[in-house]
Amino acid sequence: MCARPFRTRLHADLPDTEIWGYEGSVPGPTIVVRSGHPVRIDWGNALVSEDAGGSDERAALPYDVVRVPPQPGGVADTVRIATLPGGRMQAHGRHGPANAYPMLEGTDQIRSATVVHLHGSLTDGHNDGWAHNVALPGRWTRCSYPNGQESATLWYHDHAMAVTRFSVFAGLAGFYLIRDDVEESLHLPSGNRELVLAIRDANLETEAGAADSFVPTGRLLYKQAGIGTGDAAAEIPVTGPYTLVNGKIWPTHEARPGWQRLRLLNASNARILRLALYDTTDEAIPADSDPLPARSDGGFGDDPTAFGMHRLPEALVVIGTDAGLLPAPVVAPGGAVNLGPGERMDVLVDLAPLAGRTLELRNESATALNPQPGQTDATAMQIRVGSGPVDDPFTLPESLSPNPRWKLLPDNRVVVGPDPDHDVVTPEQQVWLVVAPPGTEGNGHPQLWEMADVSDLPPDQVGANDVIRLSGGKGGKPMVLRAAAKLFDDTVNVMIADGAWVRWNVVHLGGPAHPMHIHMTSFQMIERLAWKLDQKTGNVPGFDPATGSTPSPLPVPGAGPAIDPVTGGTKDTWVVQPGEVVSVLGRFGGATGEFMYHCHILDHEDHTMMRPFVVLPRDILAMHDGHGSGGHDHG
């Protein structure tokens, strides 16, 4: 499977665009395997310059990366301009046209180097796509995937250190489906009734002109909003005004009446999606009408007679999440499915009652219908349902996966099987992570801190910086957590014994939502708590960004959003909202080696929000000098 540059048309009205893809397609070829049947894949890098004359000269990015400087109108105005359709890179040392922006420093020197991560795979560390293990053009990496997992929607993508955001934006992603006996016994929609849909956003380069001119050149454009200047300069993660599904802008799918299976992937660099289905058959959008922004509670506008209000609130039936099928089908809560970057959702739609209708899959998150410049169009794709007879024997089953939903007990043990008396585990180990908001200790980007429990240290030895105090620790005393690592190359602290049950706790102190992804195994969310945020700062009250600390213990957080059947599914990626404390549990068995966890907003991942951890056999771990205890509090 080789990554290659190629040209494609993103939309019928656009010129050809150069992008990168596995085997010359975007998404790359869908790989379908059988659970329990291992495969080996050779991943190759053929990303060479078109002008290389047959040599292995590394290809430059197939687009320019530009930074919209901070605007006098503030961050909101800078983001608006960065989201405007079009733009281009400013010529070096020149002031150029109004729609030209300075290059992000150093990006013109980036050349192709790839390493593939099979996202969601249970495989040893040397097959997992370690970010440093890049291959240059002409080189190959052989990876083994045991596929000892239940049926699931996985995906593969590039994971090269510090440039993942650029290579995935260029197109390096594809689907990997695992099938098993349980899935086959359900006789789910298959063939042309099963669609894999990779959804992402992008922007397009345009010819030189006014700020709002739009004459596409045929190239993509990585256009970011800049914040701060000098040493404090940073960039807001890139989002674009155009939504692509399987490499096409606003595609149309012709479907037959009957059940359709949609395997959804958010392949965006940063955009969080809220997807719902609309019947747009009778929808007429006047050309001079005002935009209808998406409401925070879903849908568009407040007038039910207005265009865009033909939402189908019970159309999406969720049957699976990242790592496998749910115990039973469930209508999407609120009629929409929420997907952060890296998350997947397996849904069914019954198109029989919609024969002859025209539907749209829309993103209700930070979008608009009839958008104006600087707004993102809500449309993802159109589905035209034929009017022919329904020939579909499928009926929705009452149950799906025999694997039960895990339950947290009051004594912090967890029921992980059908027998509440015997299928109970106590996590051997707890990992504490803190998400620090932008601006903490002068850093423009949010940060991911790996914490050590220093509750037993005398107060004068704890320090004044990077210390988070939480009420409700052991014996009624506060829990005191101190940052043990902040950067990827800091010392490895999290050492896990093969087969151990580990609870990971993410404390989000403010800033944007973060889709957190942990490699190697699958998890279930077992607890979700939350604090109310300070309305002025957007941070948890009591957190001091100047020192990165809470001088006094934060109160015990209250109940957070309910863990509904979808949120509680088997997963490897979760969107953690500001103010939340989210706990997930997983068993680290079946693979060993060094792995990574990180925010799946790719700009954040590339800007330090990624850390390593190690899984070793217990006997080896016991001999590991300085790490025999596992590194973190064993709970």
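## Thr 280

Thr 280 is buried in this predicted model, because its relative accessible area of 9% falls under the 20% limit for that class. The residue sits in the loop that joins strand E19 (273-279) to strand E20 (292-293). Leaving aside residues up to four places away in sequence, Thr 280 touches Thr 358, Leu 359, Glu 360 and Arg 362.

## Asp 534

Asp 534 is also a loop residue, placed between strand E38 (523-530) and strand E39 (558-559). Its relative accessible area is 29%, so Asp 534 is classed as partly exposed. The contacts of Asp 534 are Asn 539 and Pro 541, again not counting residues up to four places away in sequence.

Gly 510 is 24 residues from Asp 534 along the chain, and the C-alpha atoms of the two are separated by 9.2 Å.

## Cysteines

The structure holds zero disulfides. For Cys 143, the closest cysteine sulfur is that of Cys 2, at 14 Å. A disulfide would need the two sulfur atoms within 2.5 Å, so the sulfur of Cys 143 is too far from that of Cys 2 for a bond.

Cys 143 is buried, with a relative accessible area of 4%. Cys 599 is buried as well, at 0% relative accessibility.

## Largest pocket

The largest pocket holds about 790 Å³ of space. It is lined by 32 residues, of which Val 79, Ile 236, Pro 237, Thr 239 and Pro 512 are the closest to its centre. Helix H1 gives the most, with five residues.

By residue class, the lining of the largest pocket divides into 16 nonpolar, 12 polar and four charged residues.

## Annotated domain spans

An unreviewed UniProt entry lists "domain: Plastocyanin-like" for residues 109-181 and for residues 487-618. In the model, residues 109-181 are 11% helix and 33% strand. The end C-alpha atoms of residues 109-181 are 49 Å apart.

Residues 487-618 are 5% helix and 41% strand, and the end C-alpha atoms of this span lie 27 Å apart.

Notes: Residues numbered from 1 in each chain as written. Predicted model: local features only at pLDDT ≥ 70, side-chain atom pairs only at ≥ 80, totals over all residues. Heavy atoms only, no water. 1 Å grid on protein atoms, 1.4 Å probe; cavity = no way out; pocket = protein on both sides within 12 Å on 5 of 7 lines; lining within 4 Å. Points joined across faces, edges and corners; volume = space filled by probe spheres on them. Helix = DSSP H or I, 4+ residues; strand = E, 2+ residues; numbered from the N terminus. Nonpolar A, V, L, I, M, F, W, Y, C, P; charged D, E, K, R; others polar. Buried < 20%, exposed > 50% of the residue type's maximum accessible area, 1.4 Å probe, protein only. Contact = heavy atoms within 4.5 Å. UniProt positions renumbered as here; feature names shortened; annotations may be inferred.
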